[in-house]
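Reader: I would like a close look at one part of this model: its aromatic rings. Please take the pairs one by one.

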Amino acid sequence: MSTVFNQMLARYDIKTNDDRHNALHEVMQQITLLALNRADFFNKAAFYGGTCLRIFHGLQRFSEDMDFSLLEKDNKFTLESYFDTIKSEFSALGREVDISRKEKKTDTQIESAFLKDSNEIYNIEFQTERGIKIKIEVDKDPPLLFKTEHKLLLLPYSFMTRCFTLPGLFAGKMHALLFRNWRNRVKGRDWYDLEWYVRNGVAVDFNHLFQRAMQSGYKGKEVFTKELCIELLKKRIETTNIQMVKDDVKPFLKNMQETEIWSKNYFLQLAGMVKFE
């Protein structure tokens with residue numbers, strides 16, 4: 001294993017199998033970002049989602065997937081043109097990976113708005129360590145009116161990544177909280193991130209949230225306003241099983257004591273603190 005790869009892993013306090021699993025995921029994510037940067041991917045796309053928040057803004061939970069949005073609609077875009085660069089970057093650091101297309105299933109637990117026909121989904125997996133893989137998803141027909149910025153990473157080597165700004169990231173998370181429809185599994189990571197945004201005084205980019213809501217087929221009788229957004233959020237909190245929220249986020253946290261205060265009343269009060277741009 002290369003010195004750089006070891007150096008990256010050494011930054012993590014690894015005491016359990018979960019710790020190692022999460023650390024390897026994050027190292028893979030950063031190597032993938034470097035490879036995409038080398039291939040000029042960020043001239044066409046931006047990074048968003050929980051992994052972006054984790055890597056560039058210090059979110060204290062681990063994240064599995066990497067979500068990207070093209071800067072403008074391009075149905076002809078394909079991630080496959082970047083495969084060789086990604087594989088070469090891993091190989092240069094002493095690791096070999098397989099990249100496979102993930103077929104979208106109709107019998108999914110996720111609302112169709114989050115698995116659009118325009119999304120490309122791939123898995124990157126270590127050849128020698130099965131179970132260590134990351135999912136990459138690229139939205140080729142994205143909701144627009146988001147802002148981006150370039151964020152610096154120092155490892156594996158210094159490079160820049162185009163990312164959504166924090167208000168745009170919060171808009172994406174708010175959209176997930178309002179419209180993600182899990183049948184049997186609550187995504188507690190969404191609720192952890194909500195807490196983070198409110199605690200850090202981040203405002204929601206409402207223009208981008210509005211675009212997301214319209215694209216995903218908002219069918220409410222009322223006009224989608226900031227006030228309605230908070231009302232819908234509070235209704236979602238009232239119908240959410242908070243214990244399931246805690247159970248889902250547990251594998252991704254170093255300190256579960258953070259969640260001891262979590263209750264419906266706690267999240268309702270957080271909802272009242274949400275601000276908009």
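How many aromatic pairs does the count come to?

Author: The model is predicted. The count comes to 27 aromatic pairs.

Start with Trp191 and Phe267. Their ring centres are 5.4 Å apart. Their planes stand at 70°, and over 60 counts as edge-to-face, so this pair is edge-to-face. Trp191 belongs to helix α6, residues 188-199. Phe267 belongs to helix α10, residues 264-271. The pair therefore ties together parts that are 76 residues apart in sequence. Now burial, where the cut-off is under 20% relative accessible area. Trp191 has 5% relative accessibility, so Trp191 counts as buried. Phe267 has a relative accessible area of 0%, so Phe267 is buried.

Next come Phe210 and Phe224. This aromatic pair is tilted, with 6.4 Å centre to centre and 50° between the planes. Phe210 lies in helix α7, residues 206-215. Phe224 lies in the loop between α7 and α8 (226-238). The pair thus ties together parts that are 14 residues apart in sequence. Phe210 counts as partly exposed, at 29% relative accessibility. Phe224, in contrast, is buried, with a relative accessible area of 4%.

Then there is a cluster. One aromatic cluster is formed by Phe41, Phe42, Phe47, Phe56, Phe68, Phe77 and Tyr82.

Last, a charge over rings. The charged end of Arg95 sits over the ring of Phe126, 4.1 Å from its centre. The charged end of Arg95 also sits over the ring of Phe5, 5.0 Å from the centre of that ring.

Key
Residues numbered from 1 in each chain as written. Predicted model: local features only at pLDDT ≥ 70, side-chain atom pairs only at ≥ 80, totals over all residues. Heavy atoms only, no water. Phe/Tyr/Trp six-rings, centres within 6.5 Å; stacked < 30°, edge-to-face > 60°. Helix = DSSP H or I, 4+ residues; strand = E, 2+ residues; numbered from the N terminus. Buried < 20%, exposed > 50% of the residue type's maximum accessible area, 1.4 Å probe, protein only. Lys NZ or Arg CZ within 6 Å of the ring centre and 35° of its normal.
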